[in-house]
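Welcome, and please open your viewer. We will take a short tour, one selection at a time.

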There are 2 protein chains.
Amino acid sequence: MTRALARDAALRARAARVVPGGMYGHLNAMQLPAGFPQFFERAEGCRVWDVDGNEYLDLMCSFGPVVLGHRHPAVEAAAAKQATTGDCLNGPSPAFVELAERLVDTVDHADWAMFQKNGTDATTLCLTIARAATGRRKILTAHGSYHGAAPWCTPIPGGVTDEDRVNLLPFVYNDLESAAAAAAQAGGDLAGIIVCPHKHDVFVDQELVDPDFARGLRRLCNERGAALILDEVRTGFRIAPGGSWEGLGVAPDLSAWSKALGNGHPIAAVLGGEPLREAATRVFATGSFWFSAVPMVAALATLETLRREKALERMREAGTALRQGLAAQAASHGFKLRQTGPEVMPMVLFDDDPGFTNGRAWCAAAVRRGVYVHPFHNWFLCAAHDADAIRSVLERTDEAFGEVRRGQ
Amino acid sequence: MTRALARDAALRARAARVVPGGMYGHLNAMQLPAGFPQFFERAEGCRVWDVDGNEYLDLMCSFGPVVLGHRHPAVEAAAAKQATTGDCLNGPSPAFVELAERLVDTVDHADWAMFQKNGTDATTLCLTIARAATGRRKILTAHGSYHGAAPWCTPIPGGVTDEDRVNLLPFVYNDLESAAAAAAQAGGDLAGIIVCPHKHDVFVDQELVDPDFARGLRRLCNERGAALILDEVRTGFRIAPGGSWEGLGVAPDLSAWSKALGNGHPIAAVLGGEPLREAATRVFATGSFWFSAVPMVAALATLETLRREKALERMREAGTALRQGLAAQAASHGFKLRQTGPEVMPMVLFDDDPGFTNGRAWCAAAVRRGVYVHPFHNWFLCAAHDADAIRSVLERTDEAFGEVRRGQ
């Protein structure tokens with residue numbers, strides 16, 4: 001049960017000298033219990049190894065980008081081949097066109113595509129296109145929803161001005177009345193509504209979308225000539241191939257994608273419908289690496305492999321087995337567990353657990369046993385989580401429940 | 001002189017259906033004369049090939065990222081090796097720490113580093129840190145300077161609100177009085193001044209920085225407790241190893257870097273001095289791919305190769321030979337040419353050339369002869385531009401001058 005983390009500790013000490021606070025952002029292990037590694041060496045399928053050589057069954061999948069499994073052979077072969085010819089050039093490669101065509105074919109509401117690097121690039125560009133289309137300023141956002149790390153949307157207000165957010169109006173997820181009230185407040189200045197396919201805020205239970213809420217947002221946008229923007233950055237290509245709301249029959253005007261699109265390769269996309277196409281030509285959107293060929297080739301291979309390997313169904317099966325196993329284990333150890341959201345990106349929280357005391361202790365116990373999980377962020381399944389992997393995860397999580405029970 | 005561009009045309013037609021306007025951003029060939037290719041297939045050293053197999057001596061270097069030459073063997077070998085172990089993981093690799101240490105060692109004013117993907121991420125983060133440090137809002141920016149493609153800085157106003165820019169105050173590059181006046185207007189609300197190491201705006205002559213102007217900005221920031229932010233995104237690692245103002249002895253508080261840092265691999269960085277470290281811990285900065293290992297390994301290899309191969313000196317020699325050659329050719333053909341800015345990133349404009357008529361014709365003639373240049377954006381030299389390459393460029397540009405002369 002004792003694992004060496006000496007190299008990790010040495011790297012942390014060095015980082016403390018040359019990085020503010022020693023680390024930043026969502027991968028900062030200082031927000032996690034002791035025993036979590038900060039630095040990683042390698043990965044394969046559903047397994048990762050830290051810099052001290054400790055192996056983990058990975059249930060975070062790099063917080064979403066890894067959807068087929070780490071270093072999927074088909075994706076890596078395509079990327080490596082492209083890298084031997086060209087990546088960042090004076091213009092895009094043919095893969096730019098092929099990927100735009102593939103996405104337009106794949107995602108129901110999409111008639112066109114634009115590519116970026118970060119999820120934040122994509123969500124921000126959606127807002128800008130909605131404003132260009134409408135000539136209006138106000139955007140409705142759900143209270144607590146994460147849409148990226150730019151000043152208009154970052155969850156931490158350091159360095160953010162009031163003016164960065166003066167054109168945002170909050171509503172409550174799944175509360176159509178609150179959205180209608182915010183739209184009324186925006187009046188004739190409503191440019192759009194940005195919303196996640198389901199509520200997946202950090203620290204709290206996930207909520208699947210109420211279909212009436214989704215339809216109501218669509219109607220609100222239609223009535224007011226505003227753009228409905230679906231933020232698929234975290235959900236995209238994990239829930240449904242044609243968009244997370246395809247089953248509801250609710251089509252957004254614009255959608256933002258990133259994370260899983262390139263199975264770890266850096267790429268983001270904005271997809272839009274015909275009515276927004278002209279507005280999209282009037283915004284300035286560019287970046288030094290936005291046209292690079294390697295991530296586009298990786299994305300094409302990812303989309304093709306997702307389809308060919310029936311990855312979404314397999315992920316859902318694995319997620320269901322994991323959920324059922326964890327529920328049974330929790331009950332047998334006398335814990336009440338809340339497992340919310342889609343099976344492929346579960347949020348797992350303990351009942352009656354102020355300060356996430358049990359959750360953190362359980363995650364620490366799991367990590368010591370080689371299962372990488374998170375105490376207050378949703379997890380991510382990937383297609384490399386086969387039945388053996390889930391069985392192995394559950395053997396270790398059962399011990400983790402036992403350890404927390406004994407420690408109480 | 002006739003080159004096939006059939007595959008390029010076919011890809012453009014397909015792109016027109018699935019991309020707004022057929023293309024967007026700084027690599028959009030529709031803003032260039034006929035005969036410029038839009039789509040590229042491969043690259044090697046200082047040469048690129050379009051999708052129809054036409055070869056070009058590349059004087060744009062992907063608009064800056066390529067500084068050692070395309071697909072430099074040392075960089076690509078390091079990147080490929082890292083890709084076989086891990087890239088986008090649940091935390092950074094050791095290269096994260098090594099790169100931060102290397103940058104702190106290399107860049108004079110830097111005591112710490114943070115990494116991103118886009119140049120825009122870095123400039124935006126600098127503003128946010130300056131605001132967090134000062135608790136103030138106003139930022140001075142030079143009229144016409146490019147600092148990225150976010151709503152606060154994009155050069156095209158589609159979809160941008162007044163509020164996105166209400167906290168910016170303009171000054172004139174190299175005009176200290178105008179900066180002092182803008183600072184006075186900001187009063188007690190001045191958070192920082194962002195400035196490029198030299199003026200490299202699109203469409204106009206470049207201007208080297210007046211040392212008194214640089215020192216004056218430093219003094220202004222000192223007097224008012226504001227942060228001096230140097231935007232090195234376009235200049236970084238091409239002008240001077242320790243920062244473009246190291247020769248002036250003017251140290252910024254924060255600097256933004258990207259483009260050349262990874263020789264084409266997607267990475268950006270913010271570097272800062274000790275006094276801003278604490279503020280940097282209070283801003284939320286993150287992205288799905290900001291901790292990926294491959295571009296960090298590529299950046300380490302780039303920095304090492306720049307040093308080992310004395311790349312900056314060699315680029316400067318090549319740029320000087322190019323400048324002298326073009327000046328002689330222009331004179332011999334009866335043209336007045338304005339070649340401004342550093343030799344390694346020259347702006348080349350024709351005198352008396354409204355609408356860039358001669359410039360566009362000359363660039364088109366150069367591209368037809370296999371020299372890729374730009375009529376209204378500065379060019380970029382790279383370390384792969386050896387004497388043979390420059391000689392070959394000059395043979396073709398001489399013919400291009402002749403063609404433009406005959407066409408007048």
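At roughly what angle do the axes of helix α11 and helix α12 of chain A cross? Select residues 357-368 and 387-407 of chain A: the two axes come within 8 Å and cross at roughly 135°. Axes here are lines fitted to C-alpha atoms, for helices over the stretch in contact, with angles from 0 to 180 degrees between N-to-C directions. Helices (H or I, at least four residues) and strands (E, at least two) are DSSP runs, numbered from the N terminus.

That angle makes α11(A) oblique to α12(A), the class left once under 35 degrees is called roughly parallel, over 145 roughly antiparallel and 65 to 115 roughly perpendicular.

A note on the source: this is a predicted model, where local features need pLDDT of at least 70 and side-chain atom pairs count only at pLDDT 80 or more, while totals for chains, interfaces and linings use all residues. Residues are numbered from 1 along each chain as its sequence is written, and chains are lettered from A and ligands numbered from 1 in the order in which they are written.

On α11(A), pick N358(A), A361(A), W362(A), A365(A) and A366(A); among their partners on α12(A) are R396(A), F401(A) and V404(A).

Now zoom out and colour domain 1 (6-68 + 310-407) and domain 2 (73-308) of chain A, bounds that come from an automatic or database domain assignment. Their C-alpha centres lie 27 Å apart. The contact takes 20 residues from domain 1 of chain A and 19 from domain 2 of chain A.

How values were computed: Contact = placed C-beta atoms within 7 Å.
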